[in-house]
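Here are my notes on the model you passed along. Have it open while you go through the points.

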Amino acid sequence: MKIIIVGAIAGGATVASQIRRVDSDATLLLIGDDSKIAYGTCGMPFVIGQTIEQAQHIAGPSPTTFSKEKRIQTYTKHQVTAINRDQQTVTVQNIQTSEIFYESYDKLVLATGTSSRVPHYDGLETIPFFTLKTFDQMEEIDQFITTEQPTSCAIVGDGFIGIELAEAFRNRHLQTTVILRGNRVMSGMDPAMSKLLMDEMEKNGVKFMTQNEITAIDGTTLTFKNGQQLQVDFLTASIGTIPNTTLAEEANLSIGDTKGIVVNEFMQTSDPNIYAIGDVAEMTHAISGKPTRIELSWHAHRQAFIAAQHITKHPVAIQPILGTTITKLFSLTASMTGLSKNELDQLQYPYETVTYNGRTNASYYPNVGTILIHVHYDSQTRRILGAQAVGTKGVNKRIDILATAIISNLPVDALASLELGYSPPYSSPKDPINMLGYQAIEKSMKLS
């Protein structure tokens with residue numbers, strides 16, 4: 001069997017490796033348009049902020065070594081420009097030489113990812129401008145800061161990459177301003193969580209321009225809708241992504257409501273010989289049941305496994321997804337899983353919320369941590385619908401427990417009975433998770 005994988009970062013390199021582990025005879029071609037493969041995209045802001053000292057630490061394996069050790073023919077700086085479904089071939093172009101050639105396939109895997117949205121500002125070309133999606137873009141930002149020695153910058157957007165870049169730029173001693181159309185960062189989180197994050201960013205020197213947007217740029221001068229102006233040495237944007245579906249669209253594969261490629265539980269597209277994984281694939285949300293695209297590494301790796309198992313005739317169906325995610329911001333950690341308050345309101349779910357706002361562990365232990373947790377649950381069925389946490393320690397433990405509880409269909413009351421590890425450095429005899437369960441029980445008793 002001959003399998004071609006288009007896209008050579010997290011999903012693509014992983015599915016190739018997974019297939020090779022099971023099938024030693026398959027002919028595997030991995031085609032990527034970057035200079036590197038299988039690099040750690042989630043580590044890029046930390047390289048820019050010099051928390052990770054060398055870019056090579058996230059660079060992934062050498063394409064030559066990867067190709068030789070795994071017997072996977074690996075092309076970098078190449079792009080697939082067309083899928084010829086009737087002939088089961090793809091058209092491949094060498095980006096550097098423009099050479100074009102054709103390869104046949106029995107199975108084709110699309111791991112084409114997404115591209116950063118670029119804002120449309122008058123004069124954008126007059127200022128150094130960056131987005132962060134690829135290894136090369138990371139190196140470009142890092143080199144610019146090192147060689148040009150700017151003193152100030154602005155970030156447009158409120159998502160994970162934006163706030164991680166804000167910390168990275170402050171670590172490089174840059175005056176950093178975050179520009180928001182709304183009035184809070186991480187607008188996907190509950191308002192109380194966003195406030196904690198904004199307070200933390202301001203405490204660490206990040207400035208905000210809220211409910212505003214750029215209307216024009218002239219060199220290093222940004223002009224805003226309200227008439228204000230801001231001088232910065234460079235500009236970055238984190239305003240979302242666009243799925244790279246051109247190949248799929250031109251091949252007449254089904255595209256879904258999220259503009260991602262529609263797949264079934266085995267990651268097959270509308271053509272059973274073609275699979276799609278990673279950021280470009282449209283999945284089903286475990287709570288809402290609605291189409292969703294989640295751009296996170298866990299999902300890309302899991303989908304790679306599912307596709308590889310099906311291709312090698314060991315099928316395992318993928319489960320609907322929650323979108324569990326976590327990030328670091330200065331001294332805080334922020335995390336979420338399932339649906340937020342805003343999403344539940346939009347879906348008109350009947351839900352209740354319990355909140356824990358207190359210590360993470362025994363108060364008498366040095367350097368006790370603090371944490372705020374929200375758990376939203378169905379007021380009729382008691383099913384947990386979503387959870388969020390922001391705190392100084394132990395956030396990862398709590399959000400992982402809550403994500404496991406949701407997938408396991410535990411009712412919110414069951415949180416009180418979970419037998420969790422206790423020692424003064426880590427928790428309390430009744431963990432914050434237990435306390436949320438007790439609160440839900442008490443709330444139901446008052447309502448009955």
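1. Is Asp279 buried or exposed? Asp279 comes out as buried, at 17% relative accessibility; buried means under 20% relative accessible area, exposed over 50% and partly exposed in between, with a 1.4 Å probe and protein chains only. You'll find Asp279 in the loop between β19 (274–276) and β20 (281–284). Strands here are DSSP runs of E with at least two residues, helices are runs of H or I with at least four, and both are numbered from the N terminus.

2. Before going on, a word on the ground rules. This is a predicted model, in which local features need pLDDT of at least 70 and side-chain atom pairs count only at pLDDT 80 or more, while totals for chains, interfaces and linings use all residues. Residues are numbered from 1 along each chain as its sequence is written, and side-chain values use heavy atoms, with hydrogens and water left out.

3. Back to that loop. Skipping residues up to four places away in sequence, Asp279 touches Gly113, Thr114, Lys133, Arg293, Ile294, Glu295 and Leu296, where contact means heavy atoms within 4.5 Å. Gly278 sits in the loop between β19 and β20 too, and is buried at 8% relative accessibility. Leaving aside neighbours within four places in sequence, Gly278 has contacts with Ala300 and Gln303.

4. Now the aromatics. A search of the whole structure turns up six aromatic pairs; rings of Phe, Tyr and Trp (its six-membered ring) pair if their centres lie within 6.5 Å, and planes under 30 degrees apart count as stacked, over 60 as edge-to-face and the rest as tilted. Take Tyr75 and Phe101: the ring centres are 5.6 Å apart and the planes are at 40 degrees, so this pair is tilted. It joins distant parts of the chain, with Tyr75 in strand β3 (residues 73–75) and Phe101 in strand β6 (residues 100–104), 26 residues apart. Tyr75 is buried at 16% relative accessible area, and Phe101 is buried at 17%.

5. While you're at β6, look at its two faces. Phe101 and Glu103 are on the covered face, and Ile100, Tyr102 and Ser104 on the uncovered one. In a regular strand, side chains alternate between the two faces of the sheet. β6 pairs with strand β5 (residues 89–94) in the antiparallel sense over five bridges; two strands pair if DSSP finds at least two bridges between them. Glu103 is the bridge partner of Val90. Five residues lie between the strands of this hairpin, and Ser98 takes a positive phi near 70 degrees.

6. Phe130, Phe144, Phe169 and Phe234 make up one aromatic cluster. Pro128, in the loop between β8 (114–116) and β9 (129–130), is in contact with Phe144, Asp233, Phe234 and Leu235, neighbours within four places in sequence aside. Pro128 is partly exposed, at 29% relative accessible area.

7. The largest cavity has a volume of about 50 Å³. A cavity is a set of points on a 1 Å grid over the protein atoms alone where a 1.4 Å probe fits but cannot get out, and lining residues have an atom within 4 Å of a point. Points are joined across faces, edges and corners, and the volume is the space filled by probe spheres set on them. α5 gives the largest share of the lining, four residues.

Terms used: On a 1 Å grid over the protein atoms alone, a cavity is a set of points where a 1.4 Å probe fits but cannot get out, and a pocket is an open set with protein on both sides within 12 Å along at least five of seven lines; lining residues have an atom within 4 Å of a point.
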